[in-house]
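This report describes the fold of one protein chain for a reader who is new to structural analysis. Please look at the sequence and the structure shown here before reading on.

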Amino acid sequence: MKYLIAVLGLLVVFALSFVASNDKRKIRYRPLVIMIILQIILGYVLLNTVVGTVLIKGFSGIFEKLLVYAGEGVNFVFGGIANEGQAPFFLGVLLPIIFISALIGILQYFRILPFIIRYIGLVLSKVNGMGKLESYNAVASAILGQSEVFISVKKQIGLLPKHRLYTLCASAMSTVSMSIVGAYMTMINPKYVVTALVLNLFGGFIIASILNPYKVTKEEDELVVQEEEKQSFFEMLGEYIMDGFKVAITVAAMLIGFVALIALINGIFAGIFGISFQEMLGYIFAPFAFVMGVPWKEAVEAGSIMATKMVSNEFVAMLELGKHTALSARTTGIVSVFLVSFANFSSIGIIAGAVKGLHEKQGNVVARFGLKLLYGATLVSVLSATIAGLFL
């Protein structure tokens, strides 16, 4: 039965993508079939094989150790504020982002990350049928983050037509930055975080290839990566540490605001309609949860968590998922994979603002297709969760 539902889920995702396509005649189906098959193979390997278990344990083990090291710095500054073994969310989940950001800076400084990003992107471009720039951007987004990635290609931002700019922005919204992966792993099972990271990479190309099909000519297929201004090692380190701190503070501020607003709206709706705002959204998203593989009896509950992610952000939704302890392991896994992306309303502003900071005209272009960006990125999450549901 779950295989029939998975097929239904895939058909729904592709139908919703096809209906909103810019040019249905330009859709190239061969790369789509290849990428879907790759998604299924990778989903199976990661979730159902010993190799996948070893890879995930290795990856999550690295972040586990990094979080322990990050805790040394946090404890030095804030030691004694929290009870033993009961660190507040800000100290235990958000502040370690600073340390991870510093490590990313070091890997950038010694040109290790640019080398990895460039050559993985080149390999991907052979599979997805898109340009080198799009492939580079997808990999870079998953490491650098949805706003920082545009700095690395800022020489080309002003030259890009609308359709290529959409693909770059869609990749940025469909992935998550490596600096906050460790934070996710403290909130949901690392297995689902790693699975989502891999599936979203291909899912972003699949959905963009349907929503926004085009062919890049050889003349257009250039990759000009902006070299960072040469800094001393400690200048760079200080900059990345401060960037990590800004991310931690920004996420904390957004959590305070969104959690409080959702509580207020829930209270108003409960008082007037006898049902909370999240429960109401749960009914709207329940059909999507069902086609992803969630049992119907849990679909409304799962749908409310999915909706919470879209109207607020993935952190709020992950906290919400942690409260729903009665959900089955299968539902928890499917919803967890869905949550690992930046597909929410606030990301439209973040991405448009990042592009506008580099090129005002192109920033306005991004703002105009912002809702379609969110539509596509949400379909990527639904697709990844549906694939994962096959093996849970």
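Among contacts in the chain between residues at least 6 apart in sequence, what percentage join residues at least 24 apart? The share is 78%. The model under discussion is a predicted one.

## Overall architecture

The secondary structure of the chain consists of 20 helices, with zero strands. Along the principal axes, the C-alpha atoms fill a box of roughly 60 × 55 × 45 Å.

A compact globule of 392 residues would have a radius of gyration near 21 Å, and the chain has 20 Å, so the value agrees with that expectation. Of the 392 residues, 52% count as buried.

## Packing of α13 and α16

Two packed helices are described by the angle between their axes and the distance between the axes. For helix α13 (residues 233-273) and helix α16 (residues 314-323), the axes come within 9 Å and cross at roughly 60 degrees. An angle from 65 to 115 degrees would count as roughly perpendicular; α13 and α16 are therefore oblique to each other. Their crossing is right-handed.

Which residues of the two helices meet? From α13 come Val251, Leu255, Phe258, Val259 and Ile262, and from α16 come Phe315, Val316 and Leu319. By class, the residues of this contact are eight nonpolar, no polar and no charged.

## Packing of α10 and α19

A second pair is formed by helix α10 (residues 162-174) and helix α19 (residues 360-368), which pack at an angle of about 70 degrees with their axes 10 Å apart. Because of this angle, α10 is roughly perpendicular to α19.

On the α10 side, the contact is made by Lys162, Leu165 and Cys169. On the α19 side, Gln362, Val365 and Val366 take part. The residues of the contact of α10 with α19 divide into four nonpolar, one polar and one charged.

## A residue in a loop: Arg111

Where is Arg111 found? Arg111 lies in the loop between α5 (96-109) and α6 (112-128). The phi angle of Arg111 is near 60 degrees, which is a positive value in a residue other than glycine.

Why does Arg111 count as partly exposed? The relative accessibility of Arg111 is 39%. Buried means under 20% and exposed means over 50%, so Arg111, at 39%, is partly exposed.

How values were computed. Residues are numbered from 1 along each chain as its sequence is written. This is a predicted model: local features need pLDDT of at least 70, side-chain atom pairs count only at pLDDT 80 or more; totals for chains, interfaces and linings use all residues. Side-chain values use heavy atoms; hydrogens and water are left out. Helices (H or I, at least four residues) and strands (E, at least two) are DSSP runs, numbered from the N terminus. Buried means under 20% relative accessible area, exposed over 50%, partly exposed in between (1.4 Å probe, protein chains only). Axes are lines fitted to C-alpha atoms, for helices over the stretch in contact, and angles run from 0 to 180 degrees between N-to-C directions. Angles under 35 degrees count as roughly parallel, over 145 as roughly antiparallel, 65 to 115 as roughly perpendicular and the rest as oblique. A crossing is left-handed if the near helix is turned anticlockwise from the far one by less than a right angle, and right-handed if clockwise. Contact means heavy atoms within 4.5 Å. Ala, Val, Leu, Ile, Met, Phe, Trp, Tyr, Cys and Pro count as nonpolar, Asp, Glu, Lys and Arg as charged, and the others, Gly among them, as polar. The radius of gyration is taken over C-alpha atoms; the globule rule is 2.2 Å times the number of residues to the power 0.38.
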